Amino acid sequence: LKALVDKMEKTVTDEGRRLVFISHGDCRKDAAAVAEMIRSRLGVREVRLNHIGPVIGAHAGPGTVALFYLGTQR
């Protein structure tokens, strides 16, 4: 989880610090931990947590955490 935030820290744009989305596969505590790291380390204004959908969930499974933001790289 820390690696997700480390990568974001290296690639996030100023615009990307305004709004971040985190999707999770039945692991809200992990998603909330990532949200807290992002808020404290990067000063992100708004973080929205969501469940992943059934199609992605069927492929990725429980325990998945996905982080979405505007960055300098794809």
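This is a predicted model: local features need pLDDT of at least 70, side-chain atom pairs count only at pLDDT 80 or more; totals for chains, interfaces and linings use all residues.
R41 forms a salt bridge with E9, and the closest N and O atoms are 2.6 Å apart. The term salt bridge here denotes a side-chain nitrogen of Lys or Arg within 4 Å of a carboxyl oxygen of Asp or Glu. R41 lies in helix α2 and E9 in helix α1, so this pair ties together parts that are 32 residues apart in sequence.

Residues are numbered from 1 along each chain as its sequence is written, and side-chain values use heavy atoms, with hydrogens and water left out.

Let us return to R41. Which other residue forms a salt bridge with R41? That residue is D6, with the closest N and O atoms 2.8 Å apart. This pair also links distant parts of the chain: D6 belongs to helix α1 (residues 2-11) and R41 to helix α2, 35 residues apart.

How accessible are these side chains? We call a residue buried under 20% relative accessible area, exposed over 50%, and partly exposed in between, using a 1.4 Å probe and protein chains only. D6 is partly exposed, at 22%. R41 is partly exposed too, at 32%, and E9 is partly exposed at 39%.

How many salt bridges does the structure hold? There are four. One of them joins the side chains of R48 and E46, at 2.8 Å from N to O. R48 counts as partly exposed at 38% relative accessibility, and E46 counts as partly exposed at 35%. Elsewhere, salt bridges that share partners join K2, D6, E9 and R41 into one network.

I turn now to the two helices themselves. Two packed helices are described by the angle between their axes and the distance between the axes. For α1 and α2, the axes come within 10 Å and cross at roughly 35°. Axes are lines fitted to C-alpha atoms, for helices over the stretch in contact, and angles run from 0 to 180 degrees between N-to-C directions. The crossing of α1 past α2 is right-handed, a term that applies if the near helix is turned clockwise from the far one, whereas a left-handed crossing has the near helix turned anticlockwise by less than a right angle. Which residues meet across these helices? In α1 they are K2, V5, D6, M8 and E9, and in α2 they are V34, M37, I38, R41 and L42. Contact means heavy atoms within 4.5 Å.

Next, the sheet. Strands of a sheet pair through backbone hydrogen bonds, either parallel or antiparallel. Here, an open sheet of three strands has the order β2-β1-β3, with mixed pairing. Its edge strands are β2 and β3, each of which pairs on one side only. From one strand to the next, the twist averages 20°. Two strands count as paired if DSSP finds at least two bridges between them.

How many bridges join β1 to β2? Six bridges join strand β1 (residues 19-24) to strand β2 (residues 46-51), and these two strands run parallel. Among the facing residues, F21 stands opposite R48 in β2, and the bridge partner of S23 in β2 is N50. Together, β1, helix α2 (residues 28-42) and β2 make a right-handed β-α-β unit. Right-handed means that, with the strands pointing away from the viewer, the path from the first strand over the helix to the second runs clockwise.

Finally, I shall consider three loop residues. D26 lies in the loop between β1 and α2. Most residues other than glycine have a negative phi. Phi of D26, however, is near 60°, a positive value in a residue other than glycine. D26 is exposed, with a relative accessible area of 67%.

P62 is found in the loop between α3 (54-60) and β3 (65-68), and P62 is exposed at 73%. The C-alpha atoms of P62 and G25 are separated by 4.6 Å, although the two residues are 37 residues apart along the chain.

T13 is placed in the loop between α1 and β1. Is T13 exposed or partly exposed? At a relative accessible area of 23%, T13 is partly exposed. Not counting residues up to four places away in sequence, T13 touches L70, G71 and T72.

Methods: Helices (H or I, at least four residues) and strands (E, at least two) are DSSP runs, numbered from the N terminus.
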